[in-house]
Amino acid sequence: NQLMRTCAELMNRLTRKNEVDDDTRNMLAMLVFCLRQIGEGIEESSIAWEKRDYWMKAEEFRQRWAWADRYADKLKELIFSENWAELPDMMLKLLPHFSDIKVTKLTRSPSLWQDAYERLLEEKPEAQK
């Protein structure tokens, strides 16, 4: 829930941006990290259910949440390629996944995503740098 809330707040802030600046890149990178963590949590829960022989429930859960890992990868590639023209379309595809989270007050501090872009760039293959 905390990661989903963080993503919703990041999405809220990102939709208010008119240009891609350092803050935008940091927020986008933080969004990648949050989506990955959501995916990891889903996998951990699914494994726990499989250990109890709830195979179908585990697989259904994985399928319902597969979007998190998929969009983490797509967003990372968008950031690495700096293809900012695709960003609005990506945001439109992501927004429905957070539509049930009402953001009336921004509670996440900008220090949360400070230097996230630099951390993400460390994953960029040498051939792409």
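This is a predicted model: local features need pLDDT of at least 70, side-chain atom pairs count only at pLDDT 80 or more; totals for chains, interfaces and linings use all residues.
Colleague: How far apart are the closest N and O atoms of Glu9 and Arg5?
Modeller: Glu9 and Arg5 both belong to helix α1 and lie 4 residues apart, about one turn of the helix. In an α-helix there are 3.6 residues a turn, so residues three or four places apart point the same way. Glu9 and Arg5 form a salt bridge, and the distance between their closest N and O atoms is 3.0 Å.

Colleague: Which helices do the buried residues of α1 pack against?
Modeller: Ala8 and Met11 are among the buried residues of α1. The packing partners of these buried residues are three helices, namely α2 (22-51), α3 (55-81) and α4 (87-94).

Colleague: Why does Asp21 count as partly exposed?
Modeller: Asp21 forms a salt bridge with Lys17, with 3.2 Å between the closest N and O atoms. Lys17 is partly exposed, at a relative accessible area of 28%. Partly exposed residues lie between the buried limit of under 20% and the exposed limit of over 50%. Asp21 is in this class because its relative accessibility is 24%.

Colleague: How many residues apart are Arg36 and Glu123?
Modeller: Arg36 forms a salt bridge with Glu123, and their closest N and O atoms are 2.5 Å apart. The pair links distant parts of the chain, since Arg36 is in helix α2 and Glu123 is in the segment after α5 (116-121); their separation is 87 residues.

Colleague: Which residues do salt bridges with shared partners join into one network?
Modeller: A search of the whole structure finds 11 salt bridges. Some share partners, and the one network they make joins Glu43, Glu50, Glu59 and Arg62.

Colleague: How far apart in space are Gln114 and Asp23, C-alpha to C-alpha?
Modeller: Gln114 lies in the loop between α4 and α5. Leaving aside neighbours within four places in sequence, Gln114 is in contact with Asn26 and Arg119. Gln114 and Asp23 are 91 residues apart in sequence, while their C-alpha distance in space is 7.9 Å.

Terms used:
Residues are numbered from 1 along each chain as its sequence is written. Side-chain values use heavy atoms; hydrogens and water are left out. Buried means under 20% relative accessible area, exposed over 50%, partly exposed in between (1.4 Å probe, protein chains only). Helices (H or I, at least four residues) and strands (E, at least two) are DSSP runs, numbered from the N terminus. Contact means heavy atoms within 4.5 Å. A salt bridge is a side-chain nitrogen of Lys or Arg within 4 Å of a carboxyl oxygen of Asp or Glu.
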